[in-house]
Amino acid sequence: MREQDAIVEAVREHYAEVARRAARASEGRTSSGCGCSSDGGCCTGASGYYAPDERTLVPAEALAASAGCGNPVALADLHPGEAVLDLGSGGGIDVLLSARRVGPGGYAWGVDMTREMLELAEENRRRSGLDNVGFLEGRIEAVPLPDASVDVVISNCVINLSVDKAAVLREAFRVLRPGGRLAVYDIVAQEPLSAEARRDLRAWSQCVSGALDRETYVHLLREAGFVDVEVQPVLALQAGGCCGGDEGPLPVGSAFVRARKPGSPDLGDGRLTVEAASRDDLPAILHLLERLGLPTEGVAENLEGFVVARRRMPAPGGPAEGSLQTVATVVGCAGVELYGLQALLRSVAVSPPFRGAGIGQRLVAAALERARRLGASEAYLLTTTASEYFARLGFEQVERQAVVGPVTSSSEFARVCPDTAVVMRRELH
Ligand SMILES: C[S@@+](CC[C@H](N)C(=O)[O-])C[C@H]1O[C@@H](n2cnc3c(N)ncnc32)[C@H](O)[C@@H]1O
């Protein structure tokens, strides 16, 4: 067997055993007991990296199976409607957390080469009840996703395990859409590792022998095409510590890695449409509004007046396998409530990474058109922050006391919006 194939097989067998142990532990509802022992995973039992509020978002079994060296989900600063890929997703902790962060309008993929890990991850997905998640079998050196199919690539303590890191980083760059970002925790070498250490299959599986030094990491990221590259050491690992081992302090440590693919998202007509919202969009709309601190009261009752900005991202199963598959994500919304001839425009929201591309304007135009079709002749809105924006869209400021008619009984007028909110009006022709 070639040396590289032997490493891949050793890593696969190591994590198959880690997965089997985690599955047995969760069946017995006991701790996996891997902790930081030298026969454990890379950092099995690494749930301490997750904040208390995050720990409540995923099944206990997924937390117990975590084997990373940091929290890439926190590093990635995820937003509603984003599509995320986790390289080497293991038991699925970071995929499930990402799915919660991007909400029902977003999507999270995980890719892993170890079948036992994929089974564990699928079981954890089932326990979580999430359906905006997909686990794919594959190598991170040849990711089974089409070009420009995700907004963010994350990874937790995996890239060091690869025998071809340059290929992994090229693949991360390929599957990211223009402007997409990479947010990774990994192990880096603080000093050159001896040839003997590099050949140690057990230490390779435990995230030691394959570690790149910081300079090489930066170089490979730039060579792959990334910009704004940052590789920042975080923690030194000690013998008997995270990765185990008994030969004195290890010359490796954890680090976070951030980088960006140049460009901005392609939100051309093929990718993004503004459409009437369906019942299925309600959870995504509520998630988006909650994350942006906007009121959610009355949305469900007025869903008929809502429109969403829907983006279609390529998914596995290209033309060669039939029709092009896509995953739809929701990156914005707007709604109107009808009060006879008066309409109240509300909930105009665009997820932060997708702002500045005219989506808000398209949503407002579509919501007002909906109001007109439903019989309204004038539209009102209340805003504390965006009066200049709406003035550019044809709204004029009016005195709150001067507004008469049923719209004043809406919850936004009557209760939700503070007295300082500006009232604006526009005729609908
Ligand atoms: C240290 S564990 C980390 C798992 C997960 N990221 C976490 O934080 O719990 C490494 C995982 O990467 C997977 N892996 C290692 N090398 C891989 C490769 N070349 N391609 C795909 N998966 C790989 C292993 O099967 C294992 O599930």
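Predicted model: local features only at pLDDT ≥ 70, side-chain atom pairs only at ≥ 80, totals over all residues.
Biologist: Which residues are the closest to the ligand?

Modeller: The ligand is surrounded by 23 residues. The closest of them are Ala67, Gly88, Asp112, Thr114 and Ile140.

Biologist: What share of the area that the ligand exposes when taken alone does the protein bury?

Modeller: The space taken by the ligand is the largest cavity. Taken alone, the ligand exposes 590 Å². Of that area, the protein buries 99%.

Biologist: Which elements give two or more residues to the shell around the ligand?

Modeller: The shell is considered here by secondary-structure element. Those that contribute two or more residues are α1 (3-27) and α5 (93-102).

Biologist: Is Arg177 buried or exposed?

Modeller: Arg177 is found in strand β5, residues 176-189. Beyond its neighbours within four places in sequence, Arg177 is in contact with residues including Glu82, Asp151, Lys261, Met313 and Phe354. Its relative accessible area is 4%, and buried means under 20%, so Arg177 is buried.

Biologist: How far apart in space are Leu393 and Val364, C-alpha to C-alpha?

Modeller: Leu393 is placed in the loop between α13 (387-392) and β14 (396-398), and at 15% relative accessibility it counts as buried. Leaving aside neighbours within four places in sequence, Leu393 is in contact with Gln361, Val364 and Arg426. Leu393 and Val364 are 29 residues apart in sequence, while their C-alpha to C-alpha separation is 8.4 Å.

Biologist: What is the phi of Cys207, approximately?

Modeller: Cys207 belongs to the loop between α9 (201-205) and β6 (212-213). Cys207 is buried, with a relative accessible area of 0%. Although Cys207 is not a glycine, its phi is positive, at about 70 degrees.

Biologist: Does Asp228, which has a positive phi, count as buried or exposed?

Modeller: Asp228 lies in strand β7, residues 227-236. Its phi is about 50 degrees, although Asp228 is not a glycine. The relative accessibility is 52% and the cut-off for exposed is over 50%, so Asp228 counts as exposed.

Notes. Residues numbered from 1 in each chain as written. Heavy atoms only, no water. Helix = DSSP H or I, 4+ residues; strand = E, 2+ residues; numbered from the N terminus. Buried < 20%, exposed > 50% of the residue type's maximum accessible area, 1.4 Å probe, protein only. Contact = heavy atoms within 4.5 Å. Near = heavy atom within 4 Å. Areas by Shrake-Rupley, 256 points an atom, 1.4 Å probe, with all protein chains shown as cover. 1 Å grid on protein atoms, 1.4 Å probe; cavity = no way out; pocket = protein on both sides within 12 Å on 5 of 7 lines; lining within 4 Å. Sits in = over half its atoms within 2 Å of the grid points.
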